[in-house]
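This report looks at selected side-chain arrangements and at a set of annotated positions. Please keep the sequence and the coordinates at hand while reading.

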Amino acid sequence: MALFKLSRVIQTRCNLGVRNVSFQSLDPATRKVYSRFIRVDHAGEFGADRIYAGQMAVLGKTDVGPTIQHMWDQEKDHLQTFTNMISEYRVRPTVLHPLWNIAGFALGAGTALIGKEAAMACTVAVEESITDHYNKQLRYLLDSNDKSEYRDHLLKKIKQFRDEEMEHHDTGLEHGAVNAPAYQVLKQTIQAGCLAAIWLSERI
Amino acid sequence: MWVNRCGRNALRTYSSFARMRSIRTQAYKLSVASMSHPVLKIHAAPTVPERVRFLTTEKDGKNEENSKTEETNSEKNENKKEEESVNTVKVKILDNALDFVVDHGWSRKALSCGAEQAGYAGVAEGMFTGGGDDLVLYFIQKCNFQLVEYLKFTIEEHEAKEEKIKVTSFIRSAVEYRLRMIIPFIGAWPQAMGILARPDIFPKSAEELAKMVDDIWYYAGDRSADINWYTKRGILAKLYGSTQLVMLTDQSPDFKDTWEFLDRRISDISNFAKISQSVKDNGSAFVETAFSGAKVLKNIAGFGDTKR
């Protein structure tokens with residue numbers, strides 16, 4: 001029994017690749033923080049994916065269709081990154097996953113039904129929330145003394161995603177988000193919802 | 001004035017107690033975090049000296065700029081060595097104590113007999129503030145650790161034979177292997193289950209169960225990142241719990257009835273999965289059945305048009 005080649009098993013079956021320190025053997029406090037980050041970011045990108053799906057369902061055939069499609073493709077790529085992290089690092093995903101499925105699609109489709117500007121306003125609100133959230137995470141990671149490759153990987157990916165979310169925010173503004181009916185109310189409501197979703201997904 | 005002085009002293013004493021408590025908590029957290037042996041996350045008393053010590057994210061014990069102590073590297077290494085030697089002693093006592101569980105149950109008596117067998121004084125069982133509870137927790141952690149080794153070995157075997165792993169048989173063999181570890185202690189196992197269900201121990205035992213089912217599913221190949229993560233682990237935890245209960249009252253030779261129960265439950269689960277999949281695939285058939293049922297009800301109630 002003691003003859004099995006442990007590292008080969010890990011490489012071939014469990015897709016961990018060759019790492020100096022496995023994620024499970026990081027010290028518990030760091031592992032908890034990184035798991036939280038990955039869990040909430042996975043939930044956030046999944047929510048964004050569903051929001052764009054809802055918007056495309058309504059506005060897919062209009063002239064903003066290609067723009068929304070482009071933003072949606074980038075969100076799909078972000079979601080795939082975090083899904084891979086959850087699988088590889090054995091992070092528990094959020095239990096509210098089905099809720100964000102329904103709520104995201106409803107938000108996207110609902111605002112798109114109000115109008116194209118409202119859909120853009122929704123995009124602006126959500127992307128602003130996500131950018132703030134990623135900035136908080138980046139500040140923590142930059143401040144942290146951890147020197148593992150996980151911190152570097154997270155730092156690199158979150159920075160890249162933060163930049164792309166900011167682009168989406170600017171795109172939304174370019175396409176007339178501020179002209180949406182009750183723009184400020186819509187924006188504040190959506191951002192409050194995003195804050196609540198982030199708080200919940202970090203924990204459960 | 002005298003009252004003021006009393007109040008000031010009381011405040012000073014209280015705040016120093018609070019500080020001592022927070023130092024103890026931090027010291028305990030550090031001692032737990034630095035234990036490299038996977039089976040030692042039991043609620044042990046802090047073993048490090050009570051001085052100011054802050055948890056850092058560095059694993060190799062390098063001095064940090066934000067460390068607020070004047071501790072040198074050598075002192076930190078010394079403390080780490082001290083902790084490790086204490087942990088080695090604890091593991092030795094716990095391992096030996098398992099030999100006495102059949103006679104004395106999961107109790108301090110078993111721990112003290114184990115300590116004596118390991119060559120220490122019987123009063124060394126005082127190292128364990130939880131007594132028998134620590135012994136039970138150690139046992140299940142040890143079993144889960146051995147289970148993970150077995151799972152890795154099974155995967156290795158399948159890789160060597162170039163076979164694909166069948167999930168249901170993998171899980172079945174994992175649950176059977178894990179339950180067989182209880183057999184030597186089965187006389188005292190109801191007591192252990194009672195201890196693990198107690199409210200103060202339950203969070204730790206639930207955590208161990210969650211880790212175990214997560215390990216089994218991970219090595220079975222599950223990489224889900226949605227609600228299936230929870231449903232799969234919930235099903236396995238229920239399966240394990242029910243099979244464990246059946247095993248307690250099983251008198252058949254080599255627990256044959258228990259393994260047959262396990263087979264039946266696993267085939268139930270896989271049938272359910274197949275049925276729900278086929279319902280999804282044949283959604284229209286389900287809808288038609290539902291509509292024909294509604295039509296029958298309408299006829300009975302008198303609103304139907306009596307045409308078939």
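## The surroundings of H168(A)

Which residues does H168(A) touch, not counting residues up to four places away in sequence? In this predicted model, the residues that H168(A) touches under that condition are Y52(A), M71(A), Q74(A), E75(A), T123(A) and E127(A). H168(A) is found in helix α6 of chain A, and at a relative accessibility of 1% the residue counts as buried. With the side chain of E75(A), the side chain of H168(A) makes a polar contact at 3.2 Å.

## Annotated positions in chain A

An unreviewed UniProt entry lists E75(A), E127(A), E165(A) and H168(A) under "binding site". Although these residues span 94 residues in sequence, no two of their C-alpha atoms are more than 11.0 Å apart, so they gather at one spot.

E165(A), one of the residues listed in the entry, lies in helix α6 of chain A, which comprises residues 149–174. E165(A) is buried, with a relative accessible area of 0%. Leaving aside residues up to four places away in sequence, E165(A) touches E45(A), E75(A), H78(A), E127(A), I130(A), T131(A) and Y134(A); E75(A) and E127(A), which are among these contacts, also belong to the UniProt list.

## An aromatic cluster in chain B

Over all chains, the structure holds 13 aromatic pairs. One of them is formed by W106(B) and F185(B), whose ring centres are 5.8 Å apart and whose planes meet at 35 degrees, so the pair is tilted. Because W106(B) lies in the loop between α3 (101–104) and α4 (108–117) of chain B, and F185(B) in the loop between α6 (167–180) and α7 (189–197) of chain B, the pair ties together parts that are 79 residues apart in sequence. W106(B) counts as buried at 2% relative accessibility, and F185(B) counts as buried at 11%.

The rings of F139(B) and W189(B) have their centres 5.7 Å apart and their planes at 70 degrees, so this pair is edge-to-face. Distant parts of the chain are linked here as well, since F139(B) is in helix α5 (residues 132–160) of chain B and W189(B) is in helix α7 of chain B, 50 residues apart. F139(B) counts as buried at 4% relative accessibility, and W189(B) is buried with a relative accessible area of 1%. Together, W106(B), F139(B), F185(B) and W189(B) form one aromatic cluster.

## Charges placed over rings

In chain A, the charged end of K76(A) sits over the ring of W72(A), at 3.5 Å from the ring centre. In chain B, the charged end of R223(B) sits over the ring of Y218(B), where the distance to the ring centre is 4.0 Å.

Technical notes
Residues are numbered from 1 along each chain as its sequence is written. Chains are lettered from A and ligands numbered from 1 in the order in which they are written. This is a predicted model: local features need pLDDT of at least 70, side-chain atom pairs count only at pLDDT 80 or more; totals for chains, interfaces and linings use all residues. Side-chain values use heavy atoms; hydrogens and water are left out. Rings of Phe, Tyr and Trp (its six-membered ring) pair if their centres lie within 6.5 Å; planes under 30 degrees apart count as stacked, over 60 as edge-to-face and the rest as tilted. Helices (H or I, at least four residues) and strands (E, at least two) are DSSP runs, numbered from the N terminus. Buried means under 20% relative accessible area, exposed over 50%, partly exposed in between (1.4 Å probe, protein chains only). A charge sits over a ring if NZ of Lys or CZ of Arg is within 6 Å of the ring centre and within 35 degrees of the ring normal. UniProt positions are given in the numbering used here, feature names are shortened, and annotations may be inferred rather than shown by experiment. Contact means heavy atoms within 4.5 Å. A polar contact is a pair of N or O atoms within 3.5 Å; within protein, one must be able to donate a hydrogen and the other to accept it, and residues adjacent in sequence count only if both atoms are side-chain atoms.
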